[in-house]
Amino acid sequence: MLKHENTSSAGSSEGSFKGVVDGSAEGSLILRVKDVSVHYGMVQALRGVSFDLPKGKIVTLVGANGAGKTTMLRAISGLVRVSGGSIEHRGHIISNRQPHEIVRRRICQSPEGRGIFLNLSVEENLDLGAWAAPDKLAYKINLERGFEMFPRLKERRRQNAGTLSGGEQQMLAIARALMGQPEVLLLDEPSLGLAPQIIEKIFEIVEQINRDGMTILLVEQNALQALGIAHHGVVLETGRVVLQGPSRELLASDEVRKAYLGE
Amino acid sequence: MDQFLQHVINALSLGSIYALIALGYTMVFGVLQLINFAHGEIYMLGAFTGMYTIRWLRLEEHPGIGSLIIALIAAMAASATAGFVIERLAYRPLRKSPRINLLITAVGVSLFLQYTGQLIFGSDPQFFPTGILELEGYNWSYGDLVIEPMQIVALVLALILMVVLQYIIFRTRLGRAMRAVSFNHDLASLMGIPTNQIISATFMLGSALAGAAGVLVGLIYPKIDPLMGTMPGLKAFVAAVLGGIGNVTGAVLGAFTLGLAEEFLVGYWVPTYRDALAFGILILILLFKPSGLLGVHRAEKV
């Protein structure tokens, strides 16, 4: 069993993820999740989850179905109540705020299952993404950038979003989240149910967005690929963090390979 | 032929009233999946507010379209306020409870308003001051065909309101937010949309239309009483279901269809079945096409 959390064994010579963050600039920390618990009725979905999201990095939450990855994102976005611990954005506690207040802090989520408005056109979906965007003037620029990133969306801008293919819907969900001019992008299972080539493409785009300066929290079941592009990984198991550290080390660790990569 | 046209004209004015009420049902259902059974009472409140506004401001001394619009605005404002308060006090606390609790609460609110109405307005029917428009000289008749000018005024005003609503829903920021909320609350809130405010706004908009319908009905059938909302409320509900509940265009279509069906039934067949017809239609729709005429079965890809 992987039980390395809060022990030193996760970090090798390079030091654990936590050490890196604490040791470098505290000011560059954008999100801090501290000992967060979430209950659904009697069921506890998260049990004291802690991790940090440093500026400009990709951190990925990996783990099996039901490990609590999506719940963690929903808690950050304010969609579920946090029953213990706290979530901080730039030093301000944001747990248990209304979802629209979280979005106003420019923490934008691309929800799982390609959560797009199937009853609206592609362009209307993108408009809604910009609902709370602080800079209305940047709307056109962002729209163009989105279309540049996903040319298929431009071709289909007037089409009903329900007519898009799975991959296109996922692209729309990401493009829409970017319309909110986020400081932090939360991506929930962008590879879910997509063909391997499309997944490849989506991951390339996520990496590109990050290279342009975006801080990203990526939830993925596809641990191998997610760790491949992330700087840090957090492994969840039944609501607990069992292991976290630089992705390279996680990928190299025998336990991760055995448990999550099927080797 | 004249008789046929007469029925069509009656059906259109009746249908436009049903449409205004049905729109509120369908909009509220859209955002909350709730059948707001108190909606008929909001319409009743509009009729009474219109009447008292006309009386208190002595608008009958200055008849004309301007005075009518003042009464309409007062009624719409009162109904919108009522809708806002009802949602806030009765429905919002139950947002997370089972659907049936909400439904029963809606019936309770409906009864509460009916009997409070009787307490305040008295249970005897009152005469709606139709003198607000001076249309005595304007009765058009061609042969047997009689066009009541009040019917035309009501129809035109109702159509204007429907166009305005259509504009709000499909062309404005508020409308886009309403459509987003009606698709999925969580998803809408992830866009930064304050869903509670949008739900309130939807209630107010739908209620305002019902309030306007109350005044327009007062003009055509000038006897109003606190229980007047029951039957039109239920029929508008049927119209909304007929069109496909949650679908704004469908509500209008369903309302005019119901208006025509009622008029023709009454005119050519059995007048006494007027009120039974709507419920017959409801049963048939629920049996054979529960999604309604324009309703789409919402299949969600996973």
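Q: Which residues of helix 6 of chain B are buried?
A: A residue is called buried if 20 or more other C-beta atoms lie within 10 Å of its own, exposed if 12 or fewer do, and partly exposed in between, the C-beta atoms being placed from the backbone. In helix 6 of chain B the buried residues are B:Gly175, B:Arg176, B:Ala177, B:Met178, B:Arg179, B:Ala180, B:Val181 and B:Ser182, so that eight of the 11 residues in this helix (173-183) are buried and the helix is mostly covered. Helices (H or I, at least four residues) and strands (E, at least two) are DSSP runs, numbered from the N terminus. This is a predicted model, in which local features need pLDDT of at least 70 and side-chain atom pairs count only at pLDDT 80 or more, while totals for chains, interfaces and linings use all residues. Residues are numbered from 1 along each chain as its sequence is written, and chains are lettered from A and ligands numbered from 1 in the order in which they are written.

Q: What do the buried residues of helix 6 of chain B pack against?
A: Two residues are in contact if their C-beta atoms, placed from the backbone, lie within 7 Å. The buried residues of helix 6 pack against helix 1 (2-32), helix 5 (149-171), helix 7 (185-190) and helix 8 (195-220) of chain B, together with helix 4 (122-129) of chain A.

Q: How many residues does each chain bring to the contact?
A: Chain A brings 20 residues and chain B brings 13. On the side of chain B that touches chain A, the elements giving two or more residues are helix 6 and helix 7 of chain B. That side divides into eight nonpolar, two polar and three charged residues, where Ala, Val, Leu, Ile, Met, Phe, Trp, Tyr, Cys and Pro count as nonpolar, Asp, Glu, Lys and Arg as charged, and the others, Gly among them, as polar.

Q: What is the order of the strands in the open sheet of chain A?
A: Strands of a sheet pair through backbone hydrogen bonds, either parallel or antiparallel. Two strands are taken as paired if DSSP finds at least two bridges between them. The open sheet of six strands in chain A has the order 6-7-8-3-9-10, with mixed pairing, and its edge strands, strand 6 (107-110) and strand 10, each pair on one side only.

Q: How many bridges join strand 9 of chain A to strand 3 of chain A, and how many to strand 10 of chain A?
A: Strand 3 (residues 58-62) runs parallel to strand 9 and is joined to it by four bridges, with A:His232 as the bridge partner of A:Val59. Strand 10 (residues 240-246) pairs with strand 9 in the antiparallel sense over six bridges; among the bridge partners are A:Val234 with A:Gln244 and A:Glu237 with A:Arg240. Two residues lie between the strands of this hairpin, where A:Thr238 takes a positive phi near 40 degrees.

Q: Which residues lie on each face of strand 9 of chain A?
A: In a regular strand the side chains alternate between the two faces of the sheet. Here A:His232, A:Val234 and A:Leu236 are on one side and A:Gly233, A:Val235 and A:Glu237 on the other, and all are buried.

Q: Why does A:Gly146 count as buried?
A: A:Gly146, which lies in helix 5 (residues 139-149) of chain A, counts as buried because it has 22 C-beta neighbours inside 10 Å. Leaving aside neighbours within four places in sequence, A:Gly146 is in contact with A:Leu126, A:Leu153, A:Ala175, A:Leu178 and A:Met179.
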